[in-house]
Amino acid sequence: MEKNAVLGEPDAGLISTSYVEKQNHTLRMHCRRMSRLTNAFSKKLENFKAAVALHYGYYNFVKMHKSIRCTPAMAAGVVSSQWTVGNLVEMIEG
(Lines give C-alpha, C1' and ligand atoms only; values in the text may rest on other atoms or scores of the structure.)
Protein backbone atom coordinates (compact mmCIF):
# COMPACT_ATOMS: atom_id res chain seq x y z
CA MET A 1 0.00 0.00 0.00
CA GLU A 2 1.23 3.48 -0.82
CA LYS A 3 0.13 6.49 1.27
CA ASN A 4 -0.38 9.74 -0.64
CA ALA A 5 -1.57 13.00 0.89
CA VAL A 6 -4.51 14.36 -1.09
CA LEU A 7 -5.04 17.57 0.86
CA GLY A 8 -2.83 19.48 3.27
CA GLU A 9 0.44 18.30 4.79
CA PRO A 10 -0.37 15.47 7.22
CA ASP A 11 2.27 13.61 9.18
CA ALA A 12 2.80 10.48 7.06
CA GLY A 13 3.40 8.37 10.19
CA LEU A 14 -0.10 9.16 11.46
CA ILE A 15 -2.01 8.39 8.26
CA SER A 16 -4.42 5.54 8.93
CA THR A 17 -7.82 4.30 7.77
CA SER A 18 -8.81 3.54 11.36
CA TYR A 19 -9.96 7.15 11.89
CA VAL A 20 -12.36 6.93 8.96
CA GLU A 21 -13.56 3.46 9.97
CA LYS A 22 -14.30 4.70 13.50
CA GLN A 23 -16.30 7.63 12.10
CA ASN A 24 -18.22 5.28 9.77
CA HIS A 25 -19.01 2.98 12.72
CA THR A 26 -20.22 5.90 14.84
CA LEU A 27 -22.47 7.11 12.03
CA ARG A 28 -23.96 3.64 11.53
CA MET A 29 -24.64 3.24 15.26
CA HIS A 30 -26.18 6.69 15.77
CA CYS A 31 -28.04 7.03 12.47
CA ARG A 32 -30.01 3.85 11.88
CA ARG A 33 -30.67 4.86 8.28
CA MET A 34 -27.10 3.86 7.50
CA SER A 35 -27.51 0.29 8.81
CA ARG A 36 -28.48 -2.68 6.73
CA LEU A 37 -31.64 -4.64 7.46
CA THR A 38 -33.49 -1.87 9.25
CA ASN A 39 -36.91 -0.33 8.86
CA ALA A 40 -35.57 3.19 9.52
CA PHE A 41 -35.11 4.38 5.96
CA SER A 42 -35.72 7.60 4.08
CA LYS A 43 -37.98 7.56 1.06
CA LYS A 44 -36.65 10.94 -0.02
CA LEU A 45 -33.00 11.88 -0.50
CA GLU A 46 -33.72 15.24 1.17
CA ASN A 47 -34.84 13.49 4.39
CA PHE A 48 -31.77 11.24 4.33
CA LYS A 49 -29.43 14.23 3.98
CA ALA A 50 -31.23 16.00 6.84
CA ALA A 51 -30.86 12.96 9.12
CA VAL A 52 -27.12 12.67 8.45
CA ALA A 53 -26.61 16.43 8.88
CA LEU A 54 -28.50 16.33 12.18
CA HIS A 55 -26.28 13.50 13.39
CA TYR A 56 -23.07 15.40 12.58
CA GLY A 57 -24.43 18.61 14.12
CA TYR A 58 -25.27 16.79 17.34
CA TYR A 59 -22.00 14.85 17.36
CA ASN A 60 -19.82 17.94 16.84
CA PHE A 61 -21.67 20.67 18.74
CA VAL A 62 -23.89 19.07 21.41
CA LYS A 63 -22.35 15.76 22.52
CA MET A 64 -19.68 16.01 25.21
CA HIS A 65 -16.85 13.59 24.40
CA LYS A 66 -15.18 11.91 27.36
CA SER A 67 -11.76 11.60 25.72
CA ILE A 68 -11.36 15.33 25.01
CA ARG A 69 -13.71 16.55 27.81
CA CYS A 70 -15.55 18.91 25.45
CA THR A 71 -17.29 18.87 22.09
CA PRO A 72 -15.19 18.54 18.92
CA ALA A 73 -16.33 22.01 17.84
CA MET A 74 -15.04 23.46 21.13
CA ALA A 75 -11.74 21.59 20.76
CA ALA A 76 -11.32 22.98 17.24
CA GLY A 77 -12.10 26.51 18.43
CA VAL A 78 -15.25 26.83 16.30
CA VAL A 79 -17.50 27.61 19.29
CA SER A 80 -16.70 28.68 22.84
CA SER A 81 -19.37 26.69 24.69
CA GLN A 82 -21.35 23.49 24.35
CA TRP A 83 -24.64 23.81 22.47
CA THR A 84 -27.97 22.41 23.61
CA VAL A 85 -30.30 20.50 21.32
CA GLY A 86 -32.43 23.67 21.28
CA ASN A 87 -29.49 25.67 19.92
CA LEU A 88 -28.99 23.06 17.20
CA VAL A 89 -32.68 23.17 16.20
CA GLU A 90 -32.58 26.98 16.10
CA MET A 91 -29.62 26.85 13.70
CA ILE A 92 -31.49 24.40 11.47
CA GLU A 93 -34.66 26.46 11.39
CA GLY A 94 -32.82 29.76 10.85
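Buried means under 20% relative accessible area, exposed over 50%, and partly exposed in between (1.4 Å probe, protein chains only). This is a predicted model, in which local features need pLDDT of at least 70 and side-chain atom pairs count only at pLDDT 80 or more, while totals for chains, interfaces and linings use all residues. Residues are numbered from 1 along each chain as its sequence is written, and side-chain values use heavy atoms, with hydrogens and water left out.

**Exercise 1.** Find which residues of α2 are buried, and what they pack against.

*Solution.* Start with the list: A51, V52, H55, G57, Y59, F61 and V62 are the buried residues of α2. Helices are DSSP runs (H or I, at least four residues), numbered from the N terminus. Next, look at the partners: these buried residues pack against α1 (18-30), α3 (72-75) and α4 (85-93). Contact here means heavy atoms within 4.5 Å.

**Exercise 2.** Work out why H55 counts as buried, and which residues it touches.

*Solution.* Then leave out residues up to four places away in sequence; H55 touches T26, L27 and H30.

**Exercise 3.** Check the span of helix α2 (residues 45-62).

*Solution.* The expected span is 1.5 Å times one less than the number of residues.

**Exercise 4.** Classify C31 and C70, then count the disulfides.

*Solution.* C31 has 6% relative accessibility, so it counts as buried. C70 is buried too, at 12%. With a disulfide taken as a pair of cysteine sulfur atoms within 2.5 Å, the count is zero.

Methods:
Helices (H or I, at least four residues) and strands (E, at least two) are DSSP runs, numbered from the N terminus.
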